[in-house]
Amino acid sequence: MPDTSKRRSKLSDSQAAVSPHEGLHNPGLLHHFATEEQQKDASNLGMWIFLATEVMFFGGLFCAYLIYRGWYFGDFAAASKSIDAALGGTNTAVLICSSLTVVLAIWAAQTSRRALLILMLVLTMLFGLAFLGIKGIEYRDKFVEHHVPGSSFNFEHEEVPGHPGQYANPRHAQIFFALYFVMTGLHALHMIVGLGIFSWLLYKAWKGAFTPRYHTPLEIGGLYWHFVDIVWIYLFPLLYLIDRHP
Amino acid sequence: MSDHSKSSPLVTYFSVWIALLVGTFLTYEVAKIDLGVFNSAVALIIATTKALLVALFFMHLKGASEKLLKLVVISTIFFLFILMALAMADYGTRYWS
């Protein structure tokens, strides 16, 4: 074990400096933490607090969605029916698979399987890219159909499901599509940020930075990835499956 | 996380993965059946079950020992509840009388 005591100020009287585990610890242990366990818990807690702010951030959008859906249910159902639910379902499965590869990557780090760790990180990123690709196809369809809110928006003569002969109000349908683009767009932005985080994790893993004792960045990055997955788990039924039955 | 057996977390991970895929398929198929007002309820119950599976097993909330972490998670859900409940109490009752 390398001697890391030189990294600390000689004047330091922090708990870490007088830790009984002195000399045994990982060089990754920062001087203001007493133990590796405490350092890991602190990182985890910080990530969870960030995720709490993210829940409130997406929560506001879900709240807006619920209010308008309650007011304009028929129009929302008609608009929802125009999105390809099969693509949305496929994307849900893709994200679930990526969440599995994330936990497998952490497991690989815990059991010193470097090749498996790298493979799982690459797979996670490929699933993430596949998700964004499918999302792109979906967005393209919406542009072609003029379902993007704005001056060229067109949603005339679209029947309200379950009400033959009754057409959806295009103004109300436009609110659905605005929410659809903002919510899935922000979710996609989170995916892009996640891909950035995982590129960095892949680089670190390639360099051999993660060991069974120290792999906190993998766990923290994983928490973020799983959170983005959970957001999608709610977005899928709420946006794609409002009123699908014939 | 348990360190006693090396294979047990893998069994958990793959079981949760399969459960999540089944849940996705289920929510997609149930949406095609007319359940009236219960369509939304069923969709939300399945989504919440899936979210719980991810949080408990993939994000390792199950077995988390730190009380501070539990406090953060519970207060997150609590504040989300306040946001939703107060907004719905307003918009849901505006046209009464």
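Predicted model: local features only at pLDDT ≥ 70, side-chain atom pairs only at ≥ 80, totals over all residues.
Tutor: A helix is a DSSP run of H or I with at least four residues, a strand is a run of E with at least two, and both are numbered from the N terminus. By this assignment, the elements of chain B run α-α-α from the N terminus on, with 3 helices and 0 strands.

Student: What pattern does chain A follow along its sequence?

Tutor: Chain A reads α-α-α-α-β-β-α-α, and the count is 6 helices and 2 strands.

Student: How do you know how the span of H5 of chain A compares with the expected one?

Tutor: The expected span is 1.5 Å times one less than the number of residues in the helix. Helix H5(A), residues 170-206, has 37 residues, with 54 Å expected; its first and last C-alpha atoms are 52 Å apart, which is close to that value. Just after H5(A), A:Gly208 has a positive phi of about 80 degrees.

Student: Why is A:Leu51 called buried?

Tutor: The term applies when 20 or more other C-beta atoms, placed from the backbone, lie within 10 Å of the residue's own; 12 or fewer make it exposed, and values in between partly exposed. A:Leu51, found in helix H1 of chain A, has 21 such atoms within 10 Å and is therefore buried. Over the whole chains, 35% of the 246 residues of chain A count as buried, and 20% of the 97 residues of chain B do.

Student: Which residues does A:Leu51 touch, not counting those up to four places away in sequence?

Tutor: A:Leu51 is in contact (C-beta atoms, placed from the backbone, within 7 Å) with A:Leu223 and A:Phe227.

Student: What makes A:Ser112 count as exposed?

Tutor: A:Ser112 has 11 C-beta neighbours inside 10 Å, so it counts as exposed. This residue is in the loop between H3 and H4 of chain A, and its phi is positive, about 60 degrees, although it is not a glycine.

Student: Is A:His157 buried or exposed?

Tutor: A:His157 is exposed, because 8 other C-beta atoms lie within 10 Å. A:His157 lies in the loop between H4 and strand E1 (159-160) of chain A and has a positive phi of about 55 degrees without being a glycine.

Student: What makes a set of residues a nonpolar core, and how many residues has the largest one here?

Tutor: Such a core joins buried Ala, Val, Leu, Ile, Met, Phe, Trp, Tyr and Cys residues through C-beta atoms within 7 Å. The largest has 71 residues, and those with the most contacts inside it are A:Ala79, A:Ala105, A:Leu117, A:Phe176 and A:Leu239. At least two residues each come from H1, H2 (73-81), H3, H4 (114-144), H5 and H6 of chain A, as well as from H1 (8-30) and H2 (38-58) of chain B. H6(A) gives the most, 15 residues. Leaving aside neighbours within four places in sequence, A:Leu239 contacts A:Ser80, A:Ile83, A:Tyr180 and A:Met183.

Student: How many residues of chain A and of chain B are in contact with each other?

Tutor: 33 residues of chain A are in contact with 34 residues of chain B. On the side of chain A, helices H1 (36-71), H3 (85-110) and H6 (216-240) each give two or more residues, with the largest share, 12 residues, from H1(A).

Student: How does that side of chain A divide by class?

Tutor: Ala, Val, Leu, Ile, Met, Phe, Trp, Tyr, Cys and Pro count as nonpolar, Asp, Glu, Lys and Arg as charged, and the others, Gly among them, as polar. The side of chain A that touches chain B has 21 nonpolar, 9 polar and 3 charged residues.

Student: How does the radius of gyration of chain B compare with that of a compact globule?

Tutor: The radius is taken over C-alpha atoms, and the globule rule is 2.2 Å times the number of residues to the power 0.38. For 97 residues a compact globule would be near 13 Å, but chain B has 18 Å. Its C-alpha atoms fill a box of roughly 65 × 40 × 10 Å along the principal axes.

Technical notes. Residues numbered from 1 in each chain as written. Chains lettered and ligands numbered in written order. Contact = placed C-beta atoms within 7 Å.
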